[in-house]
Amino acid sequence: MILEGIAFALAVFALGLSLMALLDTFRIKTPKVPAWLHGEKIRGRIIGIVAIVVFVLYLMWAHDLLRLELFEYTARALTENWTSLILAASLLATPLTLAAVGECLSERAGLFNIGLEGIFFLSVVVGVRGAEILGSGVAGLVVGALTGALIGFIFSMMAVYLKANQLVLGMGINIFATGMLAYLLMTIWGFPGIHSVRPALHIPKLLGYLTPVFFVAVIVAIVAHIILHKTLFGLRIRAAGEKPEAVDVAGVRIDRIRILVCTVGAALAGLGGAFFALGWFGEIVKEMAVGMGFIALAVVVVAGLEPLLALAVAFVFGFVRVLADWVATSAGISSVLPGAFYLMHMVPFIVTLLVVTIFIGRRPFPKALGKPYIRE
Amino acid sequence: MITRIERNANTEINAGEDEVVARLFGTIREHLRTLKRPLADSLFALFIGLLIGAALMLVFGHNPITGYISMLKGFGLFIREGSFNKTEFLEALAYSVPLMLTAITFAVGMRAGIFNIGAEGQVYMGAVAAAWIGGHLVLPTGIHVLVATAFAMLVGALWAILPAILKIFAGVHEVISSIMLNWIAFFHVPYLIIHHFAGAYAERTAAILPTARYPVIGASLTAVIFVAIAACVVVYFLLWRTRAGYELRLVGDNPDAARYAGVNIRRAILISFIIGGMAAGLAGASQVIGRPLLGWTLPATLGTVFGLGFSGIGVAVVGRNHPIGGIFAALLFAGMLNGAKFMEYDFGIPSDLVVAIQGVIILALAVPTLLPMIRKWVKKIGRKPK
């Protein structure tokens, strides 16, 4: 009751504030608008944040979470044995980091690839098939990366030379891959929806959860950071996204930079995709990677296109996901607060909404992102 | 432009019966002329999609020709038997209902210069809203259907409001916000179903009461298709015959011109989001209260509504972001989806191939200049021998 009351009061206050800002925006005369509400940017941000807060309060209310038990269980979750949770989080963080770092580079160069989910789907199947044919899990990961690279190459060729709409392309890849995943599962192994990988092909795990691929992901993030910020090539990548004319005038081929970066980025996502089956689950399930590509996009957005930050954010999002599963399996919580599990799954998306709204002006996306470069 | 006005003026002076007919045909011809390019583009993309689909069948040892003949059964065309199957045709129509609606979401967004891919989440919300009204509220016959439909549209629009607000006021890119809201809805709706709206079975909503069901026309087609087509026509009139619609399209075509002309850009974007949300909400409702095949309920797995929003993007792209074009594109996609099951029955070609083909069609249509480019190449190659 108390919590609901507080939430209600908050919501009313927030609504009132945003209503005032709204009226002011549409230049409708209001009796008194606080002076600090003037100014386009701050006002927009406040309206956005208020809208998100109201939205989250609605979600908590709908999930029956506006109760005092919430504090008790949050405290319990905080005193939980974290080492195992963190180790488990490293599993999810691996594909997220790989895909997100690749996407960071690609977006820095000006190509916005929202087909990460599709790359995951396709590289899972092709990677596992490659592992079975070549007889080695590591080879499977490489095949997965090559699959991703091929998709990235086709994507970037179409985006750069044919000036295709990158967002439509990305959605096209996603839909194509959704169909192909199920089609290939059925035609290759003749069994719908699921396929177990031979244990001999699994990437060995250290310490129960930690896999070598996780360290690869960490190294990739660090290397990407160094390339992006400490080398001439990194400068060119960033310039290709920010001011392609300048790079072109300096005699550097924009098209080659974009294609190369996007291909490498997609290869990283493909490596992450193959990891799902070979390094983590040990099987392909049709729904295995559903939503992961979009969480990776969320990671990119929250990290503001910084590879190292992407590593950290991927880890946090992975941890939230693991915590959600822990919440679902601990008997006390799942019976008293059944909505907690669902809300935990939403946390990455809500955090992303908040972060983009708050930092929208401070960390802008590259100016030429998503636009084909046309020489004048 | 001037000649057209003069011609119209001339015909008005001596408007005999033949003249009226001639004028009618003239306008139709004019429409067809403007339609030629987009139609050619869409058909070409369809051709590429089918070609790659055929290649995929060949690689895995299926015969593409017999496969596609089987797929045509989804449109009601049983070519081998030489007959037309009305049930399958109605089934294809039933498939097309949600697709033409989610296509509106994307198309109206694109017309306003917004890449609104939030239909997916709005479909879930609309579906659960319709399931709640239809399964838990007792209302008189006739009114019940209307209330359920209207409420689903309202909830769909509400779900679209947040990305609209973030876009208008905070400048958050709509792709990011609508992706996030899709996944929030994906985890929000199952909880609503299991813990609030479940009936006898925990994992799905209570069965829709008979008063809230759309009357069945045949197969699994219900009267909801009339609502859907009406929605498409209304959106067409809104966009091409009203001032608000003109402003909306102007914002999409040329935001700078719109700004100088004094168009309220924020309002135009808000309207596009709301129209899209209502259409997607209706699409969700159509699967719950207008589709006997799906058991008059919404399962917590969302299996019966999952992917409709994303398919709508493909439909909108093939329909060239036009609500009326969307109807035909939806029919095409629906027939293919419906025909996929025959491919699986007859030859064991997994039905998911059709989804992959749709993906290829979208990829081909992402390139705006594909056909002219190829024409140029063909000409170049043709010239070389000389």
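Colleague: What share of the 376 residues in chain A is buried?

Modeller: Buried residues make up 57% of chain A. Buried means under 20% relative accessible area, exposed means over 50%, and partly exposed lies in between, with a 1.4 Å probe and protein chains only.

Colleague: What should I know about the model itself?

Modeller: This is a predicted model: local features need pLDDT of at least 70, side-chain atom pairs count only at pLDDT 80 or more, and totals for chains, interfaces and linings use all residues. Residues are numbered from 1 along each chain as its sequence is written, chains are lettered from A and ligands numbered from 1 in the order written, and side-chain values use heavy atoms, without hydrogens and water.

Colleague: How many helices and strands does chain A have?

Modeller: Chain A has 15 helices and two strands. Both are DSSP runs numbered from the N terminus: helices are H or I with at least four residues, strands are E with at least two.

Colleague: What makes A:A269 a buried residue?

Modeller: Its relative accessibility is 0%, so A:A269 counts as buried. A:A269 is found in helix α11 of chain A. Leaving aside neighbours within four places in sequence, A:A269 is in contact (heavy atoms within 4.5 Å) with A:L98, A:A99, A:L116, A:I119, A:F120 and A:S123. Its C-alpha atom is 10.0 Å from that of A:G115, 154 residues apart along the chain.

Colleague: Why is A:T147 called buried?

Modeller: The relative accessible area of A:T147 is 12%, so it is buried. A:T147 lies in helix α6 (residues 137-160) of chain A. Beyond its neighbours within four places in sequence, A:T147 is in contact with A:L122, A:S123 and A:V126.

Colleague: How many aromatic pairs turn up over all chains?

Modeller: A search of the whole structure finds 26.

Colleague: Why is the pair A:F214 and A:F215 called edge-to-face?

Modeller: The ring centres are 5.8 Å apart and the planes stand at 65 degrees, so the pair is edge-to-face. Rings of Phe, Tyr and Trp (its six-membered ring) pair if their centres lie within 6.5 Å; planes under 30 degrees apart are stacked, over 60 edge-to-face, the rest tilted. A:F214, at 10% relative accessibility, counts as buried. A:F215, at 39%, counts as partly exposed.

Colleague: What makes A:F276 and A:W280 a stacked pair?

Modeller: Their ring centres are 5.7 Å apart and their planes at 20 degrees, so the pair is stacked. Both residues lie in helix α11 (residues 254-281) of chain A, four residues apart, about one turn of the helix. A:F276 is buried, with a relative accessible area of 0%.

Colleague: Why is α12(A) called oblique to α7(B)?

Modeller: Helix α12 (residues 292-303) of chain A and helix α7 (residues 174-195) of chain B pack at about 135 degrees, with axes 11 Å apart. That makes α12(A) oblique to α7(B). Angles under 35 degrees are roughly parallel, over 145 roughly antiparallel, 65 to 115 roughly perpendicular, and the rest oblique. Axes are lines fitted to C-alpha atoms, for helices over the stretch in contact, and angles run from 0 to 180 degrees between N-to-C directions.

Colleague: Which residues meet between α12(A) and α7(B)?

Modeller: A:F294, A:L297, A:A298 and A:V301 in α12(A) meet B:I176, B:I179, B:M180 and B:W183 in α7(B). They divide into eight nonpolar, no polar and no charged. Ala, Val, Leu, Ile, Met, Phe, Trp, Tyr, Cys and Pro count as nonpolar; Asp, Glu, Lys and Arg as charged; the others, Gly among them, as polar. A:F294 and B:W183 also belong to one aromatic cluster with A:F349, B:Y124, B:F186, B:F187, B:F306 and B:F310.

Colleague: What makes α8(A) roughly perpendicular to α9(A)?

Modeller: Helix α8 (residues 212-230) and helix α9 (residues 232-242) of chain A pack at about 80 degrees, with axes 5 Å apart. That angle makes α8(A) roughly perpendicular to α9(A). The residues of this contact divide into six nonpolar, two polar and two charged.

Colleague: How do you know how α9(B) and α11(B) are oriented?

Modeller: Helix α9 (residues 243-253) and helix α11 (residues 265-289) of chain B pack at about 100 degrees, with axes 9 Å apart. They are therefore roughly perpendicular to each other.

Colleague: Is A:L305 buried or exposed?

Modeller: At 3% relative accessibility, A:L305 counts as buried. A:L305 lies in the loop between α12 and α13 (307-329) of chain A. Its phi is near 65 degrees, a positive value in a residue other than glycine.
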